[in-house]
Amino acid sequence: MCDGWTNLRNESIVNFVVTTPNPVFFKSISTGTDRHTGEKMAEEIIIVIEEIGQTKVFGIVTDNAKNMKKAWHLVNEKYPHITAYGCVAHGLNLLVNDMMNLKLFNDVINEGKSVVNNIRRGHITNALFLQERKNNKNSTALTLPVVTRWASVNDINEAIEKDLKPEVKKLISSANFWDKIYYFHQVVNPLAKWIKIIESDVPKLSSVPFIFKELETSFKNTIQKSKYFKTEEKNIMKALKIRKEFCISNIHNAAHLLDPKYLGKCLNTEEHGDAVEFIYQLSKKLDNLDVDAKQVIADLCHFKNKTGPFCKEYL
């Protein structure tokens, strides 16, 4: 995995992490006066590949910047067996950003921020919120831009009523506001869950098709149940499609097909065919493989059907 950032001294740094399958920090370089062109990034990636050993590397992960996509192409030209693909955690975070830029979501966020700011900036309202949280043994804090429900919809404490702005009082007294908050949470919660999982130290290559299948199902169910999201349905599903195309490549589909937990259950006919073709072509490119590509496909069929060496008698 290759990722760039700028340190406290405003120096450009590129980090390399190797999955073994556990992640291991391999090296960090300062690019100095060199620009992060596709050629430069490919050069640095190739150096790392050679240091590790090209036969031990099968994939590189970066963000989706144009220079990195250029680097993907250059690396693949030199090492046909190595697949370059986008970081799924990065892609899911971009999907969250896509959602937040939609007018409906943006309106909910701004309304929520006005409630949070009103409570936090008044010492009485903030103190009463903290007391209510303590009474309910709730550790949730008022953190921008996340909206936290702090009181009953229909019962505003008289002690703080005069400290609430009219527009804020109107918001928290509105059932529509809380309905929008609820369905907003229904949309973003699966994203937050998967971002947390995918950012862990456990490789999740085979789970990526499942992640997007679950997100698609979750989004459609929420849109169907909520009248508020009907107007944004097209934009929501379009954003999901674009990020899916960035995050999922044939190597993900192949891993999904080869994982006994999935066996390709989230792949459509075309994706399944692409996964099989990827496995076939990869087997042809590996010089150190003891069997030919046709035998690999035959073994794959046995694996999928649980026949031959993969039937119960052998296990």
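User: Is Ser 207 buried or exposed?
Analyst: Ser 207 counts as buried, because its relative accessibility is 7% (buried means under 20% relative accessible area, exposed over 50%, partly exposed in between, with a 1.4 Å probe and protein chains only). This is a predicted model, where local features need pLDDT of at least 70 and side-chain atom pairs count only at pLDDT 80 or more, while totals for chains, interfaces and linings use all residues. Residues are numbered from 1 along each chain as its sequence is written, and side-chain values use heavy atoms, with hydrogens and water left out.

User: Where does Ser 207 lie?
Analyst: Ser 207 is in the loop between α8 and α9 (208-225). Helices (H or I, at least four residues) and strands (E, at least two) are DSSP runs, numbered from the N terminus.

User: And what does Ser 207 touch, leaving out residues up to four places away in sequence?
Analyst: Lys 261 and Tyr 262, where contact means heavy atoms within 4.5 Å. The side chains of Ser 207 and Tyr 262 are also joined by a polar contact of 3.0 Å. A polar contact is a pair of N or O atoms within 3.5 Å; within protein, one must be able to donate a hydrogen and the other to accept it, and residues adjacent in sequence count only if both atoms are side-chain atoms.

User: New topic. How many salt bridges are there?
Analyst: The count is nine, a salt bridge being a side-chain nitrogen of Lys or Arg within 4 Å of a carboxyl oxygen of Asp or Glu. One of them joins Glu 214 and Lys 193, at 2.8 Å from N to O. That pair links distant parts of the chain, with Glu 214 in helix α9 and Lys 193 in helix α8, 21 residues apart.

User: Which residue forms a salt bridge with Glu 44?
Analyst: Lys 40, with the closest N and O atoms 2.8 Å apart. Glu 44 and Lys 40 are separated by about one helical turn because they are four residues apart in helix α1. Both Glu 44 and Lys 40 are buried.

User: What joins Thr 20 and Pro 21?
Analyst: A cis peptide bond, with omega about 10 degrees. Pro 21 is in the loop between β2 (12-19) and β3 (23-30). Most peptide bonds are trans.

User: What about the phi of Lys 306?
Analyst: Lys 306 is not a glycine, yet its phi is positive, about 55 degrees. Lys 306 sits in the segment after α13 (293-305) and counts as exposed, because its relative accessibility is 55%.
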